[in-house]
Amino acid sequence: MIMIVDTTGTALTWNSTDPEGDAITYDVYFGTDADPPMVSEAQTDTFYILPTLSSVTVYYWYVIAKDSYGNITTGSTRSFTSWTNDPVELTLLQPDNNATETGININLQWTASDDENEAITYDIYLGRNNPPGQVLSGFTDTIINIDTLSYGVTYYWKVIAND
């Protein structure tokens, strides 16, 4: 089984019962080798909180369950691939925050970068209320001309970047 998981806030989980109702402890094996090392011994929880993972890395894990009478069951080895989806870095360029006397024909402009080099689309919000309502969705440029503003009115704007 291959799963793709985020690199933070991840836990391994499993279910287990003993037919006689005996207490069970678990040895957890986890790592980047197909035969991973033990990382937790004789724990009673059915989960293991992972450390921060490296991005785009295959990890392997399995659990050995033991009861108090020496019965041992080894689970199958599982694997998953980690990934990191860092947020897009976005900077609003123009007009300046709290700008006045900008005219009724302006450009909204911003810059954006994505560490994973994924395609970026933008949702643009512009309006007289704060927060402003959405004007355009799925926009791909980093500049848009707005020529429908009114004199003497305060406008609010924001851009949400999606990768």
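Trp110, Tyr122, Phe139 and Trp157 come together in one aromatic cluster. The model in view is a predicted one, and a search of the whole structure finds nine aromatic pairs in it. One of these pairs joins tryptophan 110 to phenylalanine 139, with 6.4 Å from centre to centre and 55 degrees between the planes, a tilted arrangement. Since tryptophan 110 belongs to strand S10 and phenylalanine 139 to strand S12 (residues 134-139), the pair ties together parts that are 29 residues apart in sequence. Tryptophan 110 counts as buried because its relative accessibility, 1%, is under 20%. Phenylalanine 139, at 17%, counts as buried too.

A charged side chain meets an aromatic ring elsewhere in the model. Lysine 158 lies over the face of tyrosine 125, at 4.8 Å from the ring centre.

Turning to charge pairs, the structure holds one salt bridge. Its partners are lysine 66 and aspartate 27, whose closest N and O atoms are 2.7 Å apart. The pair links distant parts of the chain, with lysine 66 in strand S6 and aspartate 27 in strand S3, 39 residues apart. The two ends of the bridge can be described by their accessibility. Lysine 66 is partly exposed, with a relative accessible area of 29%, whereas aspartate 27 is buried at 3%.

Strand S3 (24-31), strand S6 (58-67) and strand S7 (72-74) each supply at least two residues of the lining. The largest share, six residues, comes from S6. By class, the lining of the second largest pocket is made up of eight nonpolar, seven polar and four charged residues.

The largest pocket has a volume of about 590 Å³. Its lining comprises 27 residues, and those nearest the centre are Pro95, Asn98, Ala99, Thr154 and Tyr155. Strand S9 (89-94), strand S10 (106-113) and strand S14 (156-162) each supply at least two lining residues, with the largest share, three residues, coming from S9. In terms of class, 15 residues of this lining are nonpolar, ten are polar and two are charged.

Most residues other than glycine have a negative phi, and most peptide bonds are trans. Against that background, a cis peptide bond joins glutamine 94 and proline 95, with omega about 0 degrees. Proline 95 lies in the loop between S9 and S10. Asparagine 98 is placed in the loop between S9 and S10 as well, and its phi is positive, about 65 degrees, although it is not a glycine. With a relative accessibility of 68%, over the 50% cut-off, asparagine 98 counts as exposed.

A cis peptide bond joins asparagine 130 and proline 131, with omega about 10 degrees, and proline 131 lies in the loop between strand S11 (121-127) and S12. Alanine 42 has a positive phi near 55 degrees. This alanine is found in strand S4 (residues 38-43), and alanine 42 is partly exposed, its relative accessible area being 44%.

Finally, tyrosine 151 lies in the loop between strand S13 (143-146) and S14. Tyrosine 151 is exposed, with a relative accessible area of 68%. Its C-alpha atom is separated by 17 Å from that of asparagine 97, a residue 54 positions away along the chain.

Terms used: Residues are numbered from 1 along each chain as its sequence is written. This is a predicted model: local features need pLDDT of at least 70, side-chain atom pairs count only at pLDDT 80 or more; totals for chains, interfaces and linings use all residues. Side-chain values use heavy atoms; hydrogens and water are left out. On a 1 Å grid over the protein atoms alone, a cavity is a set of points where a 1.4 Å probe fits but cannot get out, and a pocket is an open set with protein on both sides within 12 Å along at least five of seven lines; lining residues have an atom within 4 Å of a point. Grid points are joined across faces, edges and corners, and a volume is the space filled by probe spheres set on the points. Helices (H or I, at least four residues) and strands (E, at least two) are DSSP runs, numbered from the N terminus. Ala, Val, Leu, Ile, Met, Phe, Trp, Tyr, Cys and Pro count as nonpolar, Asp, Glu, Lys and Arg as charged, and the others, Gly among them, as polar. Buried means under 20% relative accessible area, exposed over 50%, partly exposed in between (1.4 Å probe, protein chains only). Rings of Phe, Tyr and Trp (its six-membered ring) pair if their centres lie within 6.5 Å; planes under 30 degrees apart count as stacked, over 60 as edge-to-face and the rest as tilted. A charge sits over a ring if NZ of Lys or CZ of Arg is within 6 Å of the ring centre and within 35 degrees of the ring normal. A salt bridge is a side-chain nitrogen of Lys or Arg within 4 Å of a carboxyl oxygen of Asp or Glu.
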